Structures are given as structure tokens and as C-alpha cells.
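Please look through the sequence and the structure below, and keep both at hand while reading. The report that follows describes how the parts of this protein are arranged.

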Amino acid sequence: MSEIAKFVNNGAATITPGVAEKVLRQLPQWKLEFTQINAPQFPHLVDQLEFLADAVEDAVEGAYKELPFAAIAQAVFALIYAHKKTGIIPEGVLELGGADNSSVVRAVLIQNEKSFAIYAGTQGVDWRQITSQP
């Protein structure tokens, strides 16, 4: 398991249903914030964050009950991590800003690929666009 995956799993272990509900209330604002991310080296990042935010909203609100809590917890952790803006690599570092956010998000998507692919299909989202956008 990669170090980033271990980091995500450790962070996700701290996410409770109560934390997920608190994040749910913040998601409309965070979604707007995510659209302002300027990381041209990671053009997939905004779409991936929006996808995870939508999945968390649907799961926590009960509109989509098939997503395992482990996937929800990892998604919540990734959203919190991206929102904080004080990650492993500061956002202002040219060429690297966004690399840590992208790595955390990718680890969540990869570890929960089957569950998120099914969710994407139920939402009419092309999973390939979420996972392999250039």
C-alpha cells in the first residue's frame, strides 16, 4: 500500500457519521471553493472533488445507501483535506501545488473504484472521465 493510501486510511479512520454530517452542511460552499482551484497540472482534480462531494451528499442524506461507510469516510477525509489548503505541499508552490490534493483524491478513488464506479453509473456520470481525464 502506498504511503498516500496509508495517510488516507489513517485520516478516514477519524471520520464518524457525525463528522460526515457536519461536512455535508459545508459542501455547497466547498463546491464553489473547489471550482476556483488553479492547478493546471491536475485538470482532473476539480471534477474529482465535485464527484466525491456529490457522493458524500447523496450517501449522508440517504439518497444513495449502497456506498460503504469506508468509502464515505475516505471521501470526507479527502474533501476536508482539499478544503484546508494547508496540506503536505503548500498550494503556492509552483508546479507542485495541488499534487498532494490530487494524490489524496486519487487514492480514495482507486481504493473504492468498484463502489464509486457503480455510484457514477447510477448518476449518469462517465466513470472514465472521473478517473482518467488528462
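H3 and H5 are oblique to each other, a word used here for angles that are neither under 35 degrees (roughly parallel), nor over 145 (roughly antiparallel), nor 65 to 115 (roughly perpendicular). The axes of H3 and helix H5, which covers residues 99–111, come within 10 Å and cross at roughly 50°; such axes are lines fitted to C-alpha atoms, for helices over the stretch in contact, and the angles run from 0 to 180 degrees between N-to-C directions. The crossing of H3 and H5 is left-handed, a term that applies if the near helix is turned anticlockwise from the far one by less than a right angle. On the H3 side, Leu45, Gln48, Leu49, Phe51 and Leu52 meet Asn101, Ser102, Val105, Arg106, Val108 and Leu109 of H5, where a contact means heavy atoms within 4.5 Å.

This is a predicted model, in which local features need pLDDT of at least 70 and side-chain atom pairs count only at pLDDT 80 or more, while totals for chains, interfaces and linings use all residues. Residues are numbered from 1 along each chain as its sequence is written, and side-chain values use heavy atoms, with hydrogens and water left out.

## The protein as a whole

Helices (H or I, at least four residues) and strands (E, at least two) are DSSP runs, numbered from the N terminus. Of the 134 residues, 44% count as buried, which is to say under 20% relative accessible area, whereas exposed means over 50% and partly exposed lies in between (1.4 Å probe, protein chains only). The accessible surface of the protein comes to about 7,100 Å², and 56% of that surface belongs to carbon and sulfur atoms. Among contacts between residues at least 6 apart in sequence, 71% join residues at least 24 apart.

## Individual residues

| Residue | Relative accessibility | Class |
|---|---|---|
| Gln48 | 0% | buried |
| Glu57 | 17% | buried |
| Ala117 | 26% | partly exposed |
| Gln41 | 35% | partly exposed |

Gln48 lies in helix H3, and, not counting residues up to four places away in sequence, Gln48 touches Val105, Arg106, Leu109, Ile130 and Thr131. Glu57 also lies in H3, which covers residues 45–61, and if its neighbours within four places in sequence are left aside, Glu57 is in contact with Leu24, Leu27 and Lys31. Gln41, by contrast, has its place in the loop between helix H2 (17–34) and H3. Although Gln41 and Ser102 are 61 residues apart along the chain, their C-alpha atoms are separated by 9.8 Å.

## Helix H1 and its partners

Helix H1 (residues 3–12) packs with H5 at an angle of about 80°, and the axes of the two are 9 Å apart. That angle makes H1 roughly perpendicular to H5. In this contact, Ile4, Ala5, Phe7, Val8 and Asn9 of H1 are joined with Ser103, Val104, Ala107, Val108 and Gln111 of H5.

Which residues of H1 are buried? They are Ala5, Val8, Gly11 and Ala12. Seen down the axis of H1, these buried residues fall within an arc of 130°, so they line one face of the helix; the arc is that of the directions from the helix axis to the C-beta atoms. As background, an α-helix has 3.6 residues a turn, so residues three or four places apart point the same way. The buried residues of H1 pack against helix H4 (69–84) and H5, while the face turned away from the buried side carries the exposed residues Glu3 and Asn10.

## Helix H6

In helix H6 (residues 113–123), the buried residues are Phe116, Tyr119 and Ala120. Seen down the axis of H6, they fall within an arc of 100°, so they line one face of the helix. On the other side of H6, Lys114 and Gly121 are exposed. After H6 comes Gly124, whose phi is positive, near 75°.

Methods:
Areas by Shrake-Rupley, 256 points an atom, 1.4 Å probe, with all protein chains shown as cover.
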